[in-house]
Amino acid sequence: MKIKCVIVDDEPLAIKVLQNYFTNFTDFEIVGTFNNSLEALDFINTANVDAVFLDINMPMMTGFELISLIENKTKVIITTAFREFAAESYDLDVLDYLVKPIPLPRFIKCINKITTEYNLKNNIKVETAKGDSHIFIKVDKKMMKINIEEILFVEGMKEYIKVVTPDKTYITHKSLTSLSEELPSDRFLRIHKSFVIALNKVKSIEGNRIQIQSYTIPIGRNYSKEVKNKILE
């Protein structure tokens, strides 16, 4: 079953950007786009919609006013060029706040949030219990879905990172810090300025080196104490 989304924005280009982003995510379906708040509200309240990407500055009725009239538990993601409305939006229990122009990595984080909320709402517990959640990374112009449970470690290489799994290695243009923020902190740990590892994949630790399958990974001097406390606790 696909996650059904609606885009509400009075700027055609803004709608087009999101439509292009969504082509990379086969688990999602855009079921409607609107440049009119009243038409959007009627559709949201009568159709089966999981998430709404909503601009704030809309004619006839603002995005905030629209949120107050939504009758179901549809998740709302604000899309706006203005940062100053963030605090007010979270008071309305929005799921996320995206500032235009929306970078693709930031959009991917939002997609992951929506997926998590959708699974909770629909009592889809299998993935969570098995740690089978996922991230998306861009490889050769394609968005690749990688199960977090399969990741052995991530290596930073200047402007690129290498995500290593038992079966395949993915290389993408992204910072190690940025990707590590998408990984669950209770399951992954930065052990070196160039390495983040999956804690449950550690085979052994000797001196300042960790063994994961056939890979030997160094522990940075500044990370040594935290690493050993975390792994050997």
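**View 1. Aromatic pairs in the predicted model.** Twelve aromatic pairs turn up in this structure; rings of Phe, Tyr and Trp (its six-membered ring) count as a pair if their centres lie within 6.5 Å, and planes under 30 degrees apart are called stacked, over 60 edge-to-face and the rest tilted. Take Tyr21 and Phe107: their centres sit 5.1 Å apart with 45 degrees between the planes, a tilted pair. Tyr21 belongs to helix 1 and Phe107 to helix 5, so this pair ties together parts 86 residues apart in sequence. Helices (H or I, at least four residues) and strands (E, at least two) are DSSP runs, numbered from the N terminus. Tyr21 and Phe107 are both buried, meaning under 20% relative accessible area, where exposed is over 50% and partly exposed is in between (1.4 Å probe, protein chains only).

This is a predicted model, so to speak of local features takes a pLDDT of at least 70 and side-chain atom pairs count only at pLDDT 80 or more, while totals for chains, interfaces and linings use all residues. Residues are numbered from 1 along each chain as its sequence is written, and side-chain values use heavy atoms, with hydrogens and water left out.

**View 2. Phe22 against Phe107.** Here the ring centres of Phe22 and Phe107 are 5.2 Å apart and the planes stand at 90 degrees, so this pair is edge-to-face. Phe22 lies in helix 1 and Phe107 in helix 5, so parts 85 residues apart in sequence get tied together. Phe22 and Phe107 are both buried. Zoom out, and ring pairs join Tyr21, Phe22, Phe25, Phe28, Phe53, Phe107 and Phe136 into a cluster.

**View 3. The largest nonpolar core.** This core has 24 residues, and those with the most contacts inside it include Phe25, Phe53, Ile77 and Ile114. A nonpolar core is a set of buried Ala, Val, Leu, Ile, Met, Phe, Trp, Tyr and Cys residues joined through side-chain atoms within 4.5 Å. Strand 1 (3-8), helix 1 (12-22), strand 3 (51-54) and helix 5 (104-121) each give two or more residues, with helix 5 giving the largest share, seven. Another core, of 21 residues, lies apart from it and has Leu54, Phe64, Leu66 and Val76 among its members.

View 4. Asp55 sits in the loop between strand 3 and helix 3 (63-69) and is buried, at 4% relative accessible area. Leaving out residues up to four places away in sequence, Asp55 touches Val8, Asp9, Asp10, Gly63, Thr79, Thr80 and Lys100, contact being heavy atoms within 4.5 Å.
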